[in-house]
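Trainee: I'm new to this one, could you walk me through it?
Mentor: Gladly, let us open it and begin with a single residue.

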Amino acid sequence: MDLLGQVLINGILLGGLYAMMALGLALVWGVLNIVNLAHGAFIMLGAYVSLYLFTYAHIDPFLGLPITAAVMFAIGYGVQRGILNLIVRAPMFNTLLITFGLEVVLTYLAQLAFSADFRTINPTYAGDSIVLGPVVLPLARLMAFGVAIALTVGMWLFLLHTRLGRAIRATAQNLVAARLYGVEPRHLYAVTFGIGIALAGAAGGLYGTVSQINPYIGAGLTAKSFAISIIGGLDNPLGVIVGGLFLGILESLTALYIGPTYADVASFGVLVLVLIVRPTGLLGKAA
Amino acid sequence: MLKFSGLPATLAAAAVAMTLGAMSSGPALAKDIVLGASVQLTGPVANTGRYYRDAYQLAVDKINEAGGVKIGDETYKLALKIYDNQSDVNLSVRQYTQLVSRDNVNFLLGPFASNFALADSAVSEKYKIPMVQGGGASDQIFARNFKYIFGTLAPASNYFGSTIEMMKELDPPPKTVALLYADDAFDVSVAEGTRPKLKAAGFTIAMDERYSTNATDFNSLLSQIKSKNVDAVLVAGHETEILNFVRQAKSLAVAPKMYSFTVGVPSEDFRKALGKDADYAFGMTAWLPSADLKDRWFGDAAQFASAFKAKFGYDPDYHAASGAADVEALVKAMEDAGTIDPAKVRDALAKVDFESLYGRIAFDNNGQIDLPQTVIQVQGDALVPIYGVHGKVAPPKYPMPAWNAR
């Protein structure tokens, strides 16, 4: 029973990190209709930004998250204005191609800049834990979980209640009407993509404190974020929390009861099931 | 049109230069023996792939500096032709095919990792060009009666052999063992070899779990290790997985009496990435840069290690030593055969027996050498040899203390 409790806790904390990873992808996908295959590469870049802030400027990875997010926002804004804006209304296939290309370029640039060595962001408290009776809560994962939930809920409130958030949603729903009300889509798209990449960067900072990083982690993270977005649905940022937690718990329990090799089988199996049964996601509106 | 006007002049200059080059080098040095390889220079295992590229280069340069390879009355220089397979096994098979069929290299050196060597050795076998590889240890590579594949890593099935011998002498001896392994050719071979050895030594295998290569989350496995109170954990996996494993063990406060890993511990960047958390980790290596390992070209293994570090800026580990030994084995075989005919060099390779910076190189009938693994442990900042062929060398730090008691 203690083991089950511990594994459930592990799954929930993992799920929080998953939600954080998928948040930016779901936002960009929902608003711009771009499935950003370079999303994981941006998470990787964010992890390196946090690593360098920590190693050379001695900025705590959690306190440094706003800086990481700001740097990544600037990169995201630039990438959207300079590259993605050219294809924002092109067929889906073109956006897939260009973001795939971006992923390859970013990965190999990262290898040139940072080498293929494995790195970790390792503040002194990274391995600490809180013992609650029979279960252990890893501190860094718990903090990452807190940040992830706060940012996701914050994103939800931002989209619902701020002028910029409403403009973003309006553009996603009806571009012509949004323009008539004075929304400048080019700027707005770039801001949205920038926010998506800033969130990816923050996720990278958190990822680096609990896992190892190297230039090649991106592709796997994109796949996971993609699955979470589908399972949770794109209508609502809270969907990624549901998707992330669902996947985190599912993988942990599968590893415990069936075997660790089946964790990925389970998560992508569920992805297929959701696509068949509820194509708009668990929280999505009925199709 | 203007921009093409320089082309004929350039071509003419190049032709003159080539003629001059051929003339000035003299007839005896006119020929190169080309060694071809496809190595992971980019992609997820590039940080191990580089050991091979750098070791091949260093060995080739050293042999050329010493005058090259004398075969009969002629002296040849060695040349390298290396492709980057981007850590993609299908691409590496295509590149080896290109090396033998289009580039017409004389001999092949290996890639890193068992799954690569397993696939690539089909090319050397088909074209009957000997490949000496120091990157694949899986017993599967040598279980197919191939004639043209030779390997200088000790068999995967015996990686934990010396560790299990050491475990029997620990005080208090561990009773229960968890065997965790990734689902690739090398690690499956390790697990298959380790299982019967553990049983024969009287240990109880409390967990025997296979996980997916590139897994990042080990929390469920670690929680089971804790709940079953396992004494010793043996992990056969990849560096990325083992880094995550150790970090997550710390964050879940899981500290078995000992743990040992097939890879990572000997390599510098693994210890750097973990910092103090690498302490107490056991590993194994078939090679340490000792001055006792005499070598015809480098003097000894210690001199090889310092030359390597001076040239490339990082410490070599057994991957690099094994790669350098591959070049030396080919050279020895060519000299013994007195020809560069691939079939004759192949037969000479099967018979070589010489001391090198990596140890004694003599291939078994299946093409693999057998070197004992020395158990090593991270102790503070140092990497300490603990248990070798002749038993205990230095006292192990055992049992491992709880994480909050360090």
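Trainee: Where does Asn10(A) lie?
Mentor: Asn10(A) belongs to helix 1 of chain A, residues 2-32, where helices are DSSP runs of H or I with at least four residues, strands are runs of E with at least two, and both are numbered from the N terminus. This is a predicted model, in which local features need pLDDT of at least 70, side-chain atom pairs count only at pLDDT 80 or more, and totals for chains, interfaces and linings use all residues. Residues are numbered from 1 along each chain as its sequence is written, and chains are lettered from A in the order in which they are written.

Trainee: Is Asn10(A) buried or exposed?
Mentor: Asn10(A) is buried, because its relative accessible area is 2%; buried means under 20%, exposed over 50%, and partly exposed in between, with a 1.4 Å probe and protein chains only.

Trainee: And what is Asn10(A) in contact with?
Mentor: Leaving aside neighbours within four places in sequence, Asn10(A) is in contact (heavy atoms within 4.5 Å) with Ser252(A), and also with Asn219(B), Ser220(B), Ser223(B) and Leu252(B) in chain B.

Trainee: Switching to chain B, how many helices and strands does it have?
Mentor: Chain B has 12 helices and 18 strands.

Trainee: How many of its residues are buried?
Mentor: Of the 406 residues of chain B, 58% count as buried. Its C-alpha trace spans about 75 × 55 × 40 Å along the principal axes. Among contacts in chain B between residues at least 6 apart in sequence, 68% join residues at least 24 apart.

Definitions and conventions
Side-chain values use heavy atoms; hydrogens and water are left out.
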